[in-house]
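Subject: Handover of a structure

Dear colleague,

Please find below the structure that I am handing over to you. My notes on its contents follow directly after it.

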Amino acid sequence: MREFAQLLIAGLSTGAIYASLALALVLIYQSTEVVNFAQGEMAMFSTFIAWELIDKGMPFWAAFALTLALAFFGGVTIERVLIRPVEKASVLTIVIVTVGLLLIFNNLAGGIWGFQLKTFPSPFPSGTWQVSGVVISQQSVGVFGVALLLMALLAVFFRFTALGLAMRATAMNREPAELMGIHTTWMLALGWGLAAVVGATAGVLVAPIVFLDPNMMQGLLLFAFAGATLGGFESPGGAVLGGLLVGVAQAMIGNYVSFIGTDLSLTVAMAIIVLVLVFKPTGLFGQAAARRV
Amino acid sequence: MLEIRDLVAAYGPVTALRGVNVHVPQGTTVTILGANGAGKSTILRAVSGLLKPTHGLIQLDGERIDRKSAASIVRRGISLVPEGRQLFTALTVEQNLRLGAFTRSDRRGVREDLLRVYDYFPRLRERMKQAAGSLSGGEQQMLAIGRALMAHPRLLLLDEPSTGLAPFLVRDIFKIVSTINRDQGTTVLLVEQNATLSLSIADYGYVIETGRVVIEAPAHELRENEAVRKAYLGY
């Protein structure tokens, strides 16, 4: 029981990171029906920027805030400059652009900062709490807390602000959104900006755990895909829950199913994706095909 | 108020309008009649900025708007109730109405307009927390009109509001459109296949066929016009 509780907490903590990345994917998918394969590398690149800022002597949280701001403008710029020209092209074209972005960011980071692992400072204390025999790492709680706070802020933004509502309207049906006076192309760019912010948060939170290197997000992105697929690519809340579930499942299966361990955990992620696509393609929380026409 | 001159518009290779002239004076209700595919909706799409005309000009109070974006045309006081309502079906009634007021910053005015919309359509007040997609066809049309009114337009464009509705609902909706025109001085440009009802609330009417205006006259004259009666009024 004690072991189970401990695994649950560890799983929720990594799950929160998957959930953030999954949410970033969904934010873009919802408004443009494009899966942004570069989401992980954008997050990685942002994390390197944070590392550079901290390395230059900036306090952690200031560097974090500045990184998020830069990530936001980076996301908006990428949409305006690279995605918008191909917006009306086939989905395949856009996918190729995002895969191209993936390679660009990966090589750029490698070129600037090199491919060797770097340590990334953690903003959280490395200590633990003991609650009736269960050991809780403060790092896990911190990661979970920050990720959850960010997602809560986004939920408030989309639910209660005029701008958030306008972004949702644009994602649902673009032409009437324009008739409401919404500048829809800017809403799409804003979606990319927010997704970049959420991704950067995931990168900065995970970097102290996995070390920083240009390939750090590739495995994570697969787990995020599994989470988004499980929860439903059409549903932000679902994607968050899916990410958390994948994190918990990974921790549990890795521990209780001895032949899988940590070596085969990516296989588990792939298995989740395939099983969901076969048995419930819309995910647990997605509605049946409300496609944009 | 609205001046459409020599308007030519096309969907790709298909020409939908071949030189249309329409004049909508301030405070009036003008209707454009015609069969399916005659080009009526195209006129409204061009006025609201969803479609860029290939030729001709559209002026609002003397200012050319035919090259402006849809988002900037709303800000100039033109709201379209589009064909097929085009609601945000996953959002609530209230959220749809709030989106209608997206361009406005005068909170008090928005509140007043919201109350006014609920007065015109009490059903919307009852269902304000419900998803727009769960409403009946008539309620959805009411919501589409209410949403357009939330922008507080000077010119309201209506694209076939009667489509798919039971006759008694159509009568209700037309009555409210004429009330809005009379009480708030909102100018109305109404595109319809239902000629009987639209001529009953309009001051002036145009009949278009295959992208051209074939007859135009005050509404009461059109009602008496034999060709119009045969083709559109059915008696």
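Which residue of chain A forms a salt bridge with Arg45(B)? The partner is Glu175(A), and the closest N and O atoms of the pair are 2.9 Å apart. A salt bridge here is a side-chain nitrogen of Lys or Arg within 4 Å of a carboxyl oxygen of Asp or Glu.

Before going on, please note that this is a predicted model, in which local features need pLDDT of at least 70 and side-chain atom pairs count only at pLDDT 80 or more, whereas totals for chains, interfaces and linings use all residues. Residues are numbered from 1 along each chain as its sequence is written, chains are lettered from A and ligands numbered from 1 in the order in which they are written, and side-chain values use heavy atoms, with hydrogens and water left out.

The interface

The count between chain A and chain B is 1 salt bridge. In total, 19 residues of chain A are in contact (heavy atoms within 4.5 Å) with 21 residues of chain B. The two chains bury about 1800 Å² between them, and 68% of this lies on carbon and sulfur atoms. Buried area is the accessible area (1.4 Å probe) that two parts lose on being put together, summed over both. Leu165(A), Leu179(A) and Met180(A) supply 38% of the area that chain A buries against chain B, more than any other three residues.

The sheets of chain B

Strands (E, at least two residues) and helices (H or I, at least four) are DSSP runs, numbered from the N terminus. Two strands pair if DSSP finds at least two bridges between them.

One open sheet has 6 strands in the order β6-β7-β8-β3-β9-β10 (chain B), with mixed pairing. Its edge strands, β6 (78–81) and β10 (212–218) of chain B, each pair on one side only. Within this sheet, β3 (29–33) and β8 (187–192) of chain B pair in the parallel sense over 5 bridges, and Ile32(B) has Val191(B) as its bridge partner in β8(B).

Another open sheet has 4 strands in the order β2-β1-β4-β5 (chain B), with antiparallel pairing. Here β2 (14–24) and β5 (63–64) of chain B are the edge strands. Strand β1 (2–11) of chain B pairs with β2(B) over 8 bridges, and the bridge partner of Glu3(B) in β2(B) is His23(B).

Yours sincerely
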